[in-house]
Each structure stands twice: as C-alpha cells, then as structure tokens.
Amino acid sequence: MSEIAILGAGMAGFGAAYQLANEGVSAKIYDQKPYHGGHTASFKYEDKYIFDEGPHISFTKIERIQQLFADNVNQDYEVIHAYVNNYWKGHWIKHPAQCNLHGLPAELMVDILRDFIQAQHTEPGPINNYADWLLASYGETFAKTFPMEYGRKYHTTPAENMSTDWLGPRLYRPDLEEVLKGALSPETPHVHYVSNFRYPTWDGFVAYLNPLAKQYPLQLGHKLTRLDPKTRQLIFANGTEITYDQVISSIPLTELIPLIQGAPPDVVEAAQKLAVTTCVVVNLVLNRPDISKAHWTYFYDDDFFFTRLSFPHMLSPNNVPPGTGSIQAEVYYSNKYRPLDRAPEDCIESVIADLRRCGLIQDDDQILFSNALLIPYANVIFDLDRAEAVATVHGYLDDIGVAYCGRYGQWGYEWTDESFVSGENAAKKTLEKTAVHR
C-alpha cells in the first residue's frame, strides 16, 4: 500500500501530519522510540516527578499555534513571566548581563564600559565569525568574559569556529545608555526575548502534542534502516517494509543520509561534517520549592560542570509533589569537539557538588530523587562547516524527493513552534509534488 510517510513523531512530524489532515490527506507517522514527542517528550518518574527532555516552554507569537496548543490542553496552561539570570564567579547577574553589570567588580565594569564605548565608535572589520560579531557588538572585555566563555561550554567549540546565522534575537544589543544605567543601578527594564510564556498545567510539555498522537496513525518502535528513493521503499528494523508516495523526514541528517540507498559520496561526506551537541541532563528533586527565583540560569565559569539550570517545578506546580522543588542541569558534549567521556549517571555527583558550591543546594536539603538522561541530539552547532554541508545535503534530498523538517532535518535552531511550522511547510511542499488530492 502506498502512502505519505512521516519519519519522526516530534513537533515537526506532528506539524506535517496536522497540515496534511487539514488538506484531507492521510499519513502515517513512524518513530523509532516507544513514545511520541521527540525532543519535546516528557517523562514521569516514580509516578510523581515530571521532567521534560531538556527545558521547553512555549513563547510563540503565532496566534494560530498559540490557539492550537491551548486547545490541545483544554485551555489548561500556566502563564509565566520569565525571570532569567546568570552566575559568574559568585555573582548572580540579571539577564542579559551586558546591560545588568551592577554589582560586578569595579575594575571589570570600567574595562567593559571602556571597550564597549570604543566598539561603538570604531568601524568594525569584516565579520567572518561569531567572535568577530561579539567583539564588534560588545567590546573585547565583555565578549571574552561572558558570551565567549558561555558559548564554548554550550556549543563545545570556540566562537572563532562559529558562524552568525543562528543569532536572531538571542543576543541582545543594548545602546550605551542601557549599559550605563545597568552598571549604575540594579533596577533595569526586562529586555529578554522571552517575556511571558506558556506551559501545560498537567503532564509536562508533551501535553501539547498528546491529542495529535491520538488523532493520527502513529507507528512507534519503527527504526528506519533503509530508504530506497528509486523503489520508494522504507525498511524498518522490526521487519516492516512500506512503499511510499512521498516521505517527510525529521530524522537528523547525520543519521538519514547513511540510510539512503545510493547516496553519493560527496553527500555522505557533507553529512559527516555536520555537528550537533549531545546533552546529559541531570534531574534532581529537593524537599523544598524555594531553590531559585529564576526560571533558568546561565553559568559562565569554566570550572562549573553544568552550563545551564532550569527549575521545572516553577513551570507547573504539578511537575512535582507539593512542598518539593526540581532542578534540571545541562552538561554539553559533542562527538566532533568534546566527546562524552563518562556514563551519564556519573555526572550526577559532579552536578550536585557544584549546586552546593553556588548555594542552590544547602547542607540540610534532602535530595528525594536524582537521575541522568542522555540526549544524543541537543543543539545544532553552527560551525564554519555547517552552511556548505547543509546546502549539499538538502540539495540531494530535494533531488530525490525527500522533504525535511524540524531542528535536525533543517539542521537549524528551530524553537518548538518553528519546528511545528517547518513540518507544516514540508507537508505543503509534499502536496505540491504528489497526485494526492482531497
């Protein structure tokens, strides 16, 4: 039986299925895992502790996506005003740090302000990489003290090896007046790109997808082992073989290309150049909720084991039992630049030790639960090899009629709503090529 096949049951895969259904076209979704949600999956431990696969919130400005997600949870969601901060050498700094310098050592502030002013009045040279952009935007002292340090921890490669086509609104560029006010006063306006966000009241972030998982044909436990573009066949590890009319994939490009029968050597080589971080998330539950006033915190110090913290109990009170609080710590690796050098569970004690060191875990706290989860695909690394390699891979997929979507199909920095929309767009592209009509 021929069909439209969707590979991957995450945000992008469901976005594709949703668009096809709206056009009156049926499709089946295949996923190698025994559960749906992809990168936005949620897990309940000991029947009482809910953690997502990494921190996820919904702050989309697209009204129809807002409405869809709200309808999918029966309008039962939390609306939260984000508070974000940073930790650097014992200082807790409101985010973004570049316009919240108050309280930092005076000598450091003077150097930051001097370099910032100089950068604003100096014509920048060619911007060849992320490091060039940071130096031109913030001056040398701030760039090297904060974003370059954090970026190396988060992306696992230096700023000199990264492009700038991922930035968007992620790094705020204040004017001199904002920087001076933030240096002189602790009271500053909120300028983070996330202000208010939504999160499901029940069952974690994946609750936004749960109704869709019931509406569309979903084949879990189907790991793709071969895609033959000539015979239009998909072969799965469990023995299932199907013939497709069209296929839409959110499978990571690095995994998809080796499975395609007859993929040219230059395309295989390009896929091998693509880099992505691997994340170990350490989940903890404490016997108190008043752990942090921030919803998430960035850690700049190289000697702190984790890169970012978030606090799931602050997203929904139903993520943990009353009177308790939860922490999710992220530790980043990558096969290309910083290979994983330990078992995920071996990260737990290092995370706890540094949480004690910065004061978030106190001597009399009880740790009620802990575990570690390995996320093989966390964030695309926008290194200097990426653009050319992605163009080569996408060009080949276009030639053989395989539509791609999602963070790892687009090989981009899609947020959840962007991933969903990319799935919709892949479905539209597919419908333009197929003879399937209402």
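Mentor: Happy to! For such a lining, Ala, Val, Leu, Ile, Met, Phe, Trp, Tyr, Cys and Pro count as nonpolar, Asp, Glu, Lys and Arg as charged, and the others, Gly among them, as polar. Keep in mind that this model is predicted. In the second largest cavity, the lining residues divide into four nonpolar, three polar and one charged.

Trainee: Which residues line the second largest cavity?

Mentor: They are Ser 58, Thr 60, Gln 66, Phe 69, Ala 70, Tyr 77, Arg 198 and Tyr 208. Helix α2 (residues 63-72) gives the largest share, three residues. The space inside is about 40 Å³.

Trainee: How many cavities of 30 Å³ or more are there?

Mentor: The count is three. The largest cavity holds about 50 Å³ of space. Its lining includes Ile 50, Phe 51, Asp 52, Tyr 199 and Gln 328, and strand β4 (residues 49-52) supplies the largest share, three residues. By class, the lining of the largest cavity has six nonpolar, five polar and one charged residues.

Trainee: Now an open site, please. What lines the second largest pocket?

Mentor: There are 15 lining residues, and Thr 254, Leu 274, Val 276, Asn 335 and Tyr 377 lie nearest the centre of this pocket. Its space is about 260 Å³. Helices α9 (253-259) and α10 (265-273) each bring at least two residues to the lining, with α10 giving the largest share, three. Nine of the lining residues are nonpolar, five polar and one charged.

Trainee: What lies in the loop between α9 and α10?

Mentor: Gln 261 is in that loop.

Trainee: Is Gln 261 buried, partly exposed or exposed?

Mentor: Buried means under 20% relative accessible area and exposed over 50%. Gln 261 has 42% relative accessibility, so this residue counts as partly exposed. Beyond its neighbours within four places in sequence, Gln 261 contacts Arg 226, Leu 227, Asp 228, Pro 229 and Tyr 396.

Trainee: And helix packing? At what angle do α3 and α7 pack?

Mentor: Helix α3 (residues 106-120) and helix α7 (residues 176-184) pack at about 175°, their axes 11 Å apart. Because angles over 145 degrees count as roughly antiparallel, α3 is roughly antiparallel to α7. The contact has eight nonpolar, no polar and no charged residues: Met 109, Leu 113, Phe 116 and Ile 117 in α3 meet Leu 176, Val 179, Leu 180 and Ala 183 in α7.

Note on methods. Residues numbered from 1 in each chain as written. Predicted model: local features only at pLDDT ≥ 70, side-chain atom pairs only at ≥ 80, totals over all residues. Heavy atoms only, no water. 1 Å grid on protein atoms, 1.4 Å probe; cavity = no way out; pocket = protein on both sides within 12 Å on 5 of 7 lines; lining within 4 Å. Points joined across faces, edges and corners; volume = space filled by probe spheres on them. Helix = DSSP H or I, 4+ residues; strand = E, 2+ residues; numbered from the N terminus. Axes fitted to C-alpha atoms, helices over the stretch in contact; angles between N-to-C directions. Parallel < 35°, antiparallel > 145°, perpendicular 65-115°, else oblique. Contact = heavy atoms within 4.5 Å. Buried < 20%, exposed > 50% of the residue type's maximum accessible area, 1.4 Å probe, protein only.
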